[in-house]
Amino acid sequence: MVSKKAKRSMENINSRLQLVIKSGKYSLGQKSALNSLRMNKAKLVIISNNCPAVTKSMLEYYAMLSKSSVLHYNGNNIDLGTACGKTYRAHVMTITEPGDSDILGKI
């Protein structure tokens, strides 16, 4: 059972993600996340909770090197994909420009 506070925070993150999708720049997927982290373009990396451990540790390591923030999404990859408005699953989402959203300031 999910508490009200956890549910509210997840809805808050989902609404901010919708704003990033409408007004900012983002990419979905592990390959594009690694490329943007290597080129220091990523501001925020969002990782779903069922991402494989090796992938998660590699993304966290690259984010530490590029001084990017990491957000561990409370939902699984299906929830992250639907929060982005896509019909497919997504383990990783990278935000390069937040646009009108204040998602970077709230982390």
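**Ground rules**

I am working with a predicted model, in which local features need pLDDT of at least 70 and side-chain atom pairs count only at pLDDT 80 or more, while totals for chains, interfaces and linings use all residues. I number residues from 1 along each chain as its sequence is written, and my side-chain values use heavy atoms, with hydrogens and water left out.

**C51, continued**

I placed C51 in the loop between β2 and α3. I took helices (H or I, at least four residues) and strands (E, at least two) as DSSP runs, numbered from the N terminus. C51 counts as buried at 7% relative accessibility. My labels are buried for under 20% relative accessible area, exposed for over 50% and partly exposed in between, with a 1.4 Å probe and protein chains only. I also checked the C-alpha atoms of C51 and H91: they are separated by 5.7 Å, although the two residues are 40 residues apart along the chain.

**Whole chain**

I counted four helices and four strands, and along the sequence they follow the pattern α-β-α-β-α-β-α-β. The C-alpha trace spans about 35 × 30 × 25 Å along its principal axes. I then compared the radius of gyration with the globule rule: the chain has 13 Å, which agrees with the value near 13 Å for a compact globule of 107 residues. For my notes, this radius is taken over C-alpha atoms, and the rule is 2.2 Å times the number of residues to the power 0.38.

Of the 107 residues, 36% count as buried. The accessible surface comes to about 6,600 Å², with 53% of it belonging to carbon and sulfur atoms; I got areas from the Shrake-Rupley method with a 1.4 Å probe, and for residues only the protein chains shown count as cover. Among contacts with a separation of 6 or more, 81% come from residues 24 or more positions apart.

**Cores**

Next I went looking for nonpolar cores, meaning sets of buried Ala, Val, Leu, Ile, Met, Phe, Trp, Tyr and Cys residues joined through side-chain atoms within 4.5 Å. The largest has twelve residues: L17, V20, L44, I46, L71, Y73, L80, A83, C84, M93, I95 and I103. At least two residues of this core come from each of α1 (4-23), β2, α4 (77-83) and β4. I followed L17 and found that it touches I46, Y73, L80, A83, M93, I95 and I103, leaving out residues up to four places away in sequence. Another core, of ten residues, lies apart from that one and includes A33, L37, A63 and V92. In soluble globular proteins, nonpolar side chains tend to be buried together.

**Helix α2**

In α2 I noted A33, L34, S36 and L37 as buried. Seen down the axis of α2, these residues fall within an arc of 165°, so they line one face of the helix; the arc is that of the directions from the helix axis to the C-beta atoms. They pack against β2, α3 and β4. On the face turned away from the buried side I found the exposed residues K31 and R38.

**Helix α3**

T55, L59 and A63 are the buried residues of α3, and they cover an arc of only 65° around the axis, which puts them on the same side of the helix. I found them packing against α2 (30-38), β2 (44-47), β3 (69-72) and β4 (92-97). On the other side of α3, A53, V54, M64 and L65 are exposed.

**Loops**

N40 sits in the loop between α2 and β2 and is exposed, with a relative accessible area of 54%.

K67 also went into my notes, with a positive phi of about 60° although it is not a glycine. I found K67 in the loop between α3 and β3, where it counts as exposed at 78% relative accessibility.

My last stop was T87, in the loop between α4 and β4. T87 is exposed, with a relative accessible area of 84%. T87 and I47 are 40 residues apart in sequence and 18 Å apart in space, C-alpha to C-alpha.

How values were computed:
Contact = heavy atoms within 4.5 Å.
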